[in-house]
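Please find below a colleague's note on the structure. It is set out as numbered points.

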Amino acid sequence: MLYREAGQFKASYQEDQQIFPIRQDKLGFIAILGFFFVVLPLIASEYWLQAILIPVLIFSLAAIGLNILTGYAGQLSLGSAAFMAVGAFGAYNFILRIDGMPFIVALLLGGLCAAAVGVAFGLPSLRIKGFYLAVATLAAQFFIVWALVKFPWFSNNSSSGVITAQHVEILGFAFDTPVLKYLLTLAIVAVLALVAKNLVRSTTGRGWMAVRDMDVAAEVIGIRPMRAKLTAFAVSSFYCGVAGALYAYTYLGTVEPEGFNLDLSFKILFMIIIGGVGSIMGSFLGAAFIVLLPIFLNVAMHALFAGSMPAGLGSNLELIIFGGLIIFFLIVEPHGLARLWQIGKEKMRLWPFPH
Amino acid sequence: MGFFFEVLIGGLLSGVLYALVALGFVLIYKASGVFNFAQGAMVFFAALTFVGFREVLPGWTGLEADGNFVFWLAFVLALASMVVLGILTEKIVLRPLVNQPHITLFMATIGLTFLIEGIAQGIWGANVRGLDLGIADEPVEWIMESADILVSKFDLFAATIAGALVASLALFFQYTKVGRALRAVADDHQAALSIGIPLQHIWAIVWAVAGFVALVAGLIWGARSGVQFALTFTALKALPVLILGGFTSVPGAIVGGLIIGASEKLAEVFIGPFVGGGIEGWFPYVLALAFLLVRPEGLFGERHIDRV
Amino acid sequence: MMMNDMASLGDTQTQAPDRHIGDVILDLQGISLSFGGVKALTNISFDVREHEIRSIIGPNGAGKSSMLNVINGVYRPQEGEITFHGKVRKDMDPHRAATQGIARTFQNIALFKGMSVLDNIMTGRNLKMKCNLFEHALYWGRAQKEEIEHRKKVEEVIDFLEIQSIRKTPVGRLPYGLQKRVELGRALAAEPTLLLLDEPMAGMNVEEKQDMCRFILDVNDQFGTTIVLIEHDMGVVMDISDRVVVLDYGKKIGDGVPDEVKNNPEVIAAYLGTSH
């Protein structure tokens, strides 16, 4: 009864083109934002903030990045983690080498480095498609991690490329507690998610989707596939880059190139498959799911075996459940959790009188 | 110069192994249009199942652990497991996804990779096992004496097995009824169905054959570097081979494998020292990529004309 | 709208060719196209005049679609010269063709399946939208204004094609006939001067054909758009075309007003399959 759009008329195209055209959605969204910005910092423990909420936010951002490239522009990438690494090491070097470099600027510059690298590795997409391209992005994955390990300049000559993030300070204010780091991450992710939403509902986004759905027709209608693909690579890598920098600065503190391996790239891919390919909100749902599942499994296993857990069972079970879920979602609900959410909303519109 | 040839031959021999894994990809791709990322996991599963059976069989049957009989029984059981795995994959994973975009199928096989890895380790455990096929990894003496080049006996043996397998598969698909049907299916599913080729039957056979190829590859790789999780990465070695050779070409997989194997070893030895080494991981990809930009359809692939 | 045009199909309305038709805007001379060794088009010449409806007919495989693909730059002919708006075209690609005001639909629907009807038609406005990526990112000021302005144009197209009720439906879910209509809408949104339609009525029932005919005539009439049309339904072709060019095995075998073409013995032979 509460969720109805009846009686809400759109008198202008501007009203019709809002992100949340239905009033209840808008109110719900404001409530969620309020919960995350105000309520959670007050009630969540340090463990929740640092070990769950911050990584969920950061992975959401990376997943948005991959979703732009794969979900919207239709170019599959298996190198997301490598672009995160570029962002992390980029931001690190900007702060290290330029005195007084503001944190936010370094973050964005790190993202821009990733964007530039992304465009370079996206160039093959102009000639090759589908899994040929997916395999080509593996070149980025292996090459970038290798380069970050082999050239000590990137990590300021530390052994095996380990970097320790500097303290985060904005306008003299230190972000040194989990609550503050969480709020900073949340603010950045929220702004970038809004930007992503704007991009995908504008000409840029339509260009991406057109190239995804049928590139020959896109060209005939006057969209340049080359430009659409390269901007998708650039924007996607930018998002991954910023996510990588946050990964180093507000989540782990210390990172090494090998941490940004193929497994991490797969993880991000799984987030968008489970969350919803081609959906910004799906990126959040998927990230939350993938971060929470192992924790949940761990708790469940401990409860089940009460400490006498067979070695390796947890990690194998995780592999099986991840793999199984991916297949399950691809077969049963290729649009992921985001689509389930939508179906739920459509049911809500009719509730409690479905006929 | 002797050193150069040594590296080259070593590279070519491992190239044969890459070709073997790549062949598994090509078979499945030709028959069902699926780019099976899980091929590497299948190699791991096959090797682990073989080693696992070899460990438990003496206990179950009271047979001598090192005997030939146990070896072959384990081989047959592992092969049977691979066939079952292949058929299950085809039925449970791929059939519901028929007519989905290629990319979706590809992502499904990534999920399958995780699933197979988890199941394999769940059954047999995750510890690294040695695997002895009875061939020592020592230089072949007469080559060393006559040409002063070190060529490993084991590598030579592995290459012979792989070569024989590739040749027999090529013959099988060229001259048997199943082979003809397979080629028809590869050309056009609908047309093949309409002239009465049992599509699902063919798919099951192909997955079984791919399982067999994975088992052979798993045994050889496992004997060289131990049966361990890293075997799944053989898939990553095979991918550049496929790009180079084209996804649909058996000769492409072989030639591509040889090129990748040789060039990666040569690059590691002769270019590696200048940039800090360890370039084997990405060099094949960059090589394949550079090649792709010149010839997007691969060495033996067919040029595709977009019709609108 | 235009309800009175509903009956136009069936009445043999012989259009007076000089009623609204202007100068030659597209002139093709000696076009030859081959793929590898296969000749798709051999030495074809014809022209298209402003505001006319020019049909290309011929049996399957005659090279009709190839001809359209040559006109909008998807294929590049090995020989021949194309003059568009008085200028000889050199290198051509589909994008440039689009910027010069050529829009088209496809034989097998080439819509963006994952996007809504509205978004599909909005892509037709793409070339006229000037904001850049960063403005889109903010979706504020100029970018928002531009989006709304073009939305208005798109809504006009939607009204014209009478598809208001499905504007937010993903096109993948629409029935075939409606998809064809949306595809026409996408081409119209670009406000083309030359519209290429590749079998717009293929696979439609009589009613849908009538609708489509009406839209084509209205586009031609109201917007003065020049139309090059490929169609198999001879009744429709003879009804709505100003002039018809006939292809067979990549060669031109007839050219002229419908009545002329109808009585051309070579054309009849090609269609009936008799030897000549």
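1. Overall scores. This is a predicted model, and it scores ipTM 0.88 and pTM 0.91.

2. Confidence in chain B. The mean pLDDT of chain B is 85, with 97% of its residues at 70 or more. Within chain B, helix α4 (residues 102-124) has the highest confidence, at 92. Helix α5 (residues 141-147) of chain B has the lowest, at a mean of 73.

3. Confidence in chain C. Chain C has a mean pLDDT of 88, and 91% of its residues reach 70 or more. Which stretch of chain C stays under 50? Residues 1-18 of chain C do, and the model has 18 contacts beyond four places in sequence for them. Where pLDDT is low, the predicted coordinates should not be read in detail.

4. Contact between chains A and B. The contact draws 33 residues from chain A and 38 residues from chain B. On the side of chain A that touches chain B, α6 (130-150), α11 (262-275) and α13 (313-332) of chain A each supply at least two residues. Of the elements of chain A, α6(A) gives the most to this side, with 12 residues. By class, the side of chain A that touches chain B comprises 26 nonpolar, five polar and two charged residues.

5. Helices α3 and α11 of chain A. Helix α3 (residues 46-72) of chain A also packs on α11(A): the two axes come within 9 Å and cross at roughly 75 degrees. The angle therefore makes α3(A) roughly perpendicular to α11(A). From α3(A), the contact is made by F59(A), A62(A), A63(A), L66(A), N67(A), T70(A) and G71(A). The partners in α11(A) are I268(A), L269(A), M271(A), I272(A) and G275(A). The residues of this contact divide into eight nonpolar, four polar and no charged.

6. Helices α2 and α3 of chain B. How do helix α2 (residues 39-61) and helix α3 (residues 68-94) of chain B cross? Their axes come within 8 Å, at roughly 135 degrees, so α2(B) is oblique to α3(B). The crossing of α2(B) and α3(B) is right-handed. Residues of α2(B) in the contact include F45(B), F50(B), F53(B) and R54(B). On α3(B), the residues they meet include F71(B), F75(B), S81(B) and M82(B). By class, the contact of α2(B) with α3(B) has 15 nonpolar, two polar and one charged residues.

7. An unreviewed UniProt entry lists "transmembrane region" for residues 6-29, 36-57, 69-89, 101-124, 154-173, 202-221, 241-262 and 269-294 of chain B. In the model, residues 36-57 of chain B are 86% helix and 0% strand, with the end C-alpha atoms 31 Å apart. For residues 269-294 of chain B, the span is 69% helix and 0% strand, and the end C-alpha atoms lie 26 Å apart.

Notes. Residues numbered from 1 in each chain as written. Chains lettered and ligands numbered in written order. Predicted model: local features only at pLDDT ≥ 70, side-chain atom pairs only at ≥ 80, totals over all residues. Axes fitted to C-alpha atoms, helices over the stretch in contact; angles between N-to-C directions. Helix = DSSP H or I, 4+ residues; strand = E, 2+ residues; numbered from the N terminus. Parallel < 35°, antiparallel > 145°, perpendicular 65-115°, else oblique. Left-handed = near helix turned anticlockwise from the far one by under 90°. Contact = placed C-beta atoms within 7 Å. Nonpolar A, V, L, I, M, F, W, Y, C, P; charged D, E, K, R; others polar. UniProt positions renumbered as here; feature names shortened; annotations may be inferred. pLDDT = per-residue confidence, 0-100.
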